[in-house]
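Morning, everyone. I have one structure to show today, and I will keep it short. Please look at the screen.

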Amino acid sequence: MTRSAKITRTTSETQVAVEINLDGEGQAKIETGVPFMDHMLDLFIKHGLMDGTIVANGDTHIDDHHTTEDLGIVLGQAIREALGDKKGIKRYGNAFVPMDDALAQVVVDFSNRPHLEIRTPDLKQKVGTFDTELVHEFLWKFALEARMNVHVIVPYGHNTHHIIEAIFKALARAIDMAIQIDPRVKGVPSTKGLLG
């Protein structure tokens, strides 16, 4: 069974295309027009052991907001579609990732009930030219469209780049754990008989 999906989204502000294989080897082709997000998505694919192509063209002459937001939307939709009915998955994932001075924990639940909680130290407003408030925007839209419950906890960290990088790596690792097929799981992992 191949767990893969291809999703495109075109608006007056952006054009985004995501092709994802959840059972890959960490091979990524990323070109979003937002260099910092290229870096974050590249390591997300690598550490999540997916294969993915993520291409975007947006109104970055204004700022990176619309492109970053739509990347979260389309990537979330692609992961949701690739998972299908979620039968046999572990459902929950938890990962701690250190990045030099920063430590991030991300806990996920593919519950079909989207929610995002983030607890981090104060971030500098920018990393290079990237507005760091867009990390929340990306994660919220990603969780919403993937229909995931996502909790991000960063107990400490000084360097903003390191904090965000640790978050994306931990998110990838937590998702990889949650989507693994467990042969002991019969049907969907819920006493309700469905996730939602």
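I will go through the helix packing, then the pocket.

First, a caution: this is a predicted model.

Let's start with helices H1 and H2. H1 covers residues 35-47, and H2 covers residues 65-83. They pack at an angle of about 15°, and their axes are 12 Å apart. Angles under 35 degrees count as roughly parallel, so H1 is roughly parallel to H2. The crossing of H1 past H2 is right-handed. Who makes the contact? On the H1 side, Met-37, Leu-41 and Phe-44. On the H2 side, Thr-68, Leu-71, Leu-75 and Ile-79. That contact has 6 nonpolar residues, 1 polar and no charged.

Next pair: H3 and H4. H3 is residues 133-146. H4 is residues 160-178. Their packing angle is about 15°, with the axes 12 Å apart. That makes this pair roughly parallel too. Is the crossing left-handed or right-handed? H3 passes H4 in a left-handed crossing. From H3 come Val-135, Phe-138, Leu-139 and Phe-142. They meet Ile-164, Ile-167, Phe-168, Leu-171 and Ile-175 of H4. By class, the contact has 9 nonpolar residues, with no polar and no charged ones.

Now H1 against H4. Here the axes come within 8 Å and cross at roughly 35°. The crossing is right-handed. H1 brings Phe-36, Met-37, His-39, Met-40, Leu-43, Phe-44 and His-47. H4 brings a list that includes His-161, Glu-165, Lys-169, Ala-172 and Arg-173. Also on the H4 side are Ile-164, Phe-168, Leu-171 and Ile-175, and these four meet H3 as well. Over on H1, Met-37 and Phe-44 touch H4 and also take part in the contact with H2. The class count for H1 with H4 is 10 nonpolar, 3 polar and 3 charged.

Last item: the pocket. What is the volume of the largest one? About 170 Å³. Its lining includes Ile-118, Thr-120, Leu-123 and Gln-125. Thr-132, Glu-133, Val-135, His-136, Leu-139 and Ile-167 line the pocket too. Which helix gives the largest share of that lining? H3, with 4 residues. By class, the lining has 5 nonpolar, 4 polar and 1 charged residues.

One link back to the packing. Val-135, Leu-139 and Ile-167 line the pocket, and they also belong to the contact of H3 with H4.

That's it from me. Over to you.

Definitions and conventions. Residues numbered from 1 in each chain as written. Predicted model: local features only at pLDDT ≥ 70, side-chain atom pairs only at ≥ 80, totals over all residues. Heavy atoms only, no water. 1 Å grid on protein atoms, 1.4 Å probe; cavity = no way out; pocket = protein on both sides within 12 Å on 5 of 7 lines; lining within 4 Å. Points joined across faces, edges and corners; volume = space filled by probe spheres on them. Helix = DSSP H or I, 4+ residues; strand = E, 2+ residues; numbered from the N terminus. Nonpolar A, V, L, I, M, F, W, Y, C, P; charged D, E, K, R; others polar. Axes fitted to C-alpha atoms, helices over the stretch in contact; angles between N-to-C directions. Parallel < 35°, antiparallel > 145°, perpendicular 65-115°, else oblique. Left-handed = near helix turned anticlockwise from the far one by under 90°. Contact = heavy atoms within 4.5 Å.
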